[in-house]
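Let's take a tour of a protein chain, one piece at a time.

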Amino acid sequence: MTTRSKGLYFPTVKRPEMSEVNPFESLQEQIDDASEYTSIPAGVLERLKHPERVLSTTLSVDMDDGSIEQFRAYRSQFNGDRGPYKGGIRYHPDVTEDEVKALSGWMVYKCAVVDIPYGGAKGGIAFDPRAYSESELERITRAFATELRPIIGEDRDIPAPDVNTGQREMNWIKDTYETLERTTEPGVVTGKGPSSGGSAGRVEATGRSVMLTAREALDYLGRGVEDVTVAVQGYGNAGSVAARLLEDAGATVVAVSDSSGGIYAADGLDAGAVKTHKLETGTVTGYPDAEGELTNEELLTADVDLLVPAALENAVTADVARDVRADVIVEAANGPLTPNADDILTDRDVYVFPDILANAGGVTVSYFEWVQNRQRFSWTEGRVNDELERIITDAFDRLVETFESADVPNFRTAAYVVALERVADAFDDGGNWP
């Protein structure tokens, strides 16, 4: 592979509406693709393509002005063969039942590929949290926690943060659950604030695993992090942390974006300063040291070595994939590539390192937090980061081993082969009862 120049190129891309791609169907297609390289019986395989149960509920919540609003909310528990259900809760206007089902499935296979003892779940509320006050957000969150109360618990289902949620929301869920259950159970959620039992290193964990995966991927391909240019689509927690850690490792971050648009600078942006600007203004656009602005579509097709999609699912469609110019893609978001895009990128010899490994740092450190909560003992940030690095690098080595030995077409298929076999083995060990 040759090193790209720092010049940027942005072809015009016509992108279809995201609603045309169903994320749950994408998940099932990924499983079907990998199943060709396994000996899992058809009946077991079909079981691994569908959630075990889905909660669909309507929340009625008092607003600050005295009115009452309704909110659609979901929790999908996809598979618990390897341990308690685990997965985040997102607040976003586009949350749907199929999206939550897909995300819960990806969580199953994410936990399996890094070999931590969890199943997979996901939850969400369909609304825009930016349109509501903090007191309204608290009531919405506590209303959802009340609905979740019968099905969550540190041995059953452990929620965590996701898009537009964080420590604050997890603290509210924990407090609601403990109050109603009249107990102390810090392990009922992860991603909490430190004073509520949160783990050191949790906030940066997803971005850190993206950096570690990129580092290992580039090394495997015979390159160093210090030789690459990077574009990051989505500058939330995962994207901004990944950008800063890649920059610290020597990479040149030349383009970043958020939902409002993007910015670029051929000689490199200061990832930390861009994050500060976003915190102050609400967007990366307008950053004073940028050379110019670009759209999210233009960022995805920028002439860079490494592309990090860190926004929502289905960002890279077939139309976008045809114009991608990066040699390597490391997925920070869940399901950012459609199956058709995957096929095109495989045919074009673009190396894609999948979400179920690259962004597994969040659930891995959530697992560490859960362990600490159950032991009533805290680890240092150094220990958390060291253990995370060990798990991600071990999982990467297993991924490469499977890729090279199983004659699979790409690294995503290799990851699903590893994960599906581990989940199927757990199901086989337990048996099908009743």
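Here is a short briefing, grouped by topic.

This is a predicted model, so a few ground rules apply: local features need pLDDT of at least 70, side-chain atom pairs count only at pLDDT 80 or more, and totals for chains, interfaces and linings use all residues. Residues are numbered from 1 along each chain as its sequence is written, and side-chain values use heavy atoms, with hydrogens and water left out.

**The whole chain**

- The chain's secondary structure comes to 15 helices and 12 strands; helices (H or I, at least four residues) and strands (E, at least two) are DSSP runs, numbered from the N terminus.
- Its radius of gyration is 21 Å, close to the 22 Å that the globule rule gives for 434 residues, so the chain is as compact as a globular protein of that length. That radius is taken over C-alpha atoms, and the rule is 2.2 Å times the number of residues to the power 0.38.
- Picture a box of roughly 60 × 55 × 45 Å along the principal axes: the C-alpha atoms of the chain fill it.
- Of the 434 residues, 60% are buried. Buried means under 20% relative accessible area, exposed means over 50%, and partly exposed is in between (1.4 Å probe, protein chains only).
- Among contacts (heavy atoms within 4.5 Å) with a separation of 6 or more, 71% are between residues 24 or more positions apart.

**The five-stranded sheet**

- Five strands make an open sheet in the order S1-S2-S4-S3-S5, with mixed pairing; two strands pair if DSSP finds at least two bridges between them.
- The edges are S1 and S5 (157-161), each of which pairs on one side only.
- On average, neighbouring strands here are turned by 20 degrees against each other, direction ignored. Axes are lines fitted to C-alpha atoms, for helices over the stretch in contact, and angles run from 0 to 180 degrees between N-to-C directions.
- S1 and S2 are antiparallel partners with 10 bridges, and Arg 53 sits opposite Gln 77 in S2.
- S1 and S2 also form a hairpin with five residues between them, where Gly 66 in the turn has a positive phi of about 95 degrees.
- S2 and S4 are antiparallel too, over six bridges, with Arg 75 opposite Gly 123 in S4.
- S3 (residues 85-91) and S4 (residues 120-125) run parallel and are joined by three bridges; here Ile 89 has Gly 123 as its bridge partner in S4.
- Helix H4 (residues 134-148) lies across S1, S2, S3 and S4, at about 140 degrees to S1.

- H1 (residues 23-35) has 13 residues and reaches 18 Å from its first C-alpha to its last, close to the 18 Å expected at 1.5 Å a residue. The expected span is 1.5 Å times one less than the number of residues.
- Asn 22 caps the N-terminal end of H1, with a side-chain oxygen 2.8 Å from the backbone nitrogen of Phe 24.
- The buried residues of H1 include Phe 24, Leu 27 and Ile 31, and its buried residues pack against H2 (42-47), S2 (68-79), H3 (97-113), H11 (339-347) and H15 (411-430).
- H13 (residues 361-375) is mostly covered, with 13 of its 15 residues buried.
- Just after H13, Arg 376 takes a positive phi of about 55 degrees.

- Asp 65 is in the loop between S1 (53-62) and S2, and it is exposed, with a relative accessible area of 65%.
- The side chains of Asp 65 and Ser 67 are joined by a polar contact of 2.6 Å. A polar contact is a pair of N or O atoms within 3.5 Å; within protein, one must be able to donate a hydrogen and the other to accept it, and residues adjacent in sequence count only if both atoms are side-chain atoms.
- Asp 258 lies in strand S7 (residues 252-258) and counts as buried at 6% relative accessibility.
- A polar atom of the Asp 258 side chain lies 2.9 Å from the backbone nitrogen of Ser 260.
- Ala 112, found in helix H3, counts as buried because its relative accessibility is 0%.
- Setting aside residues up to four places away in sequence, Ala 112 touches Arg 82, Ala 419, Arg 422 and Val 423.
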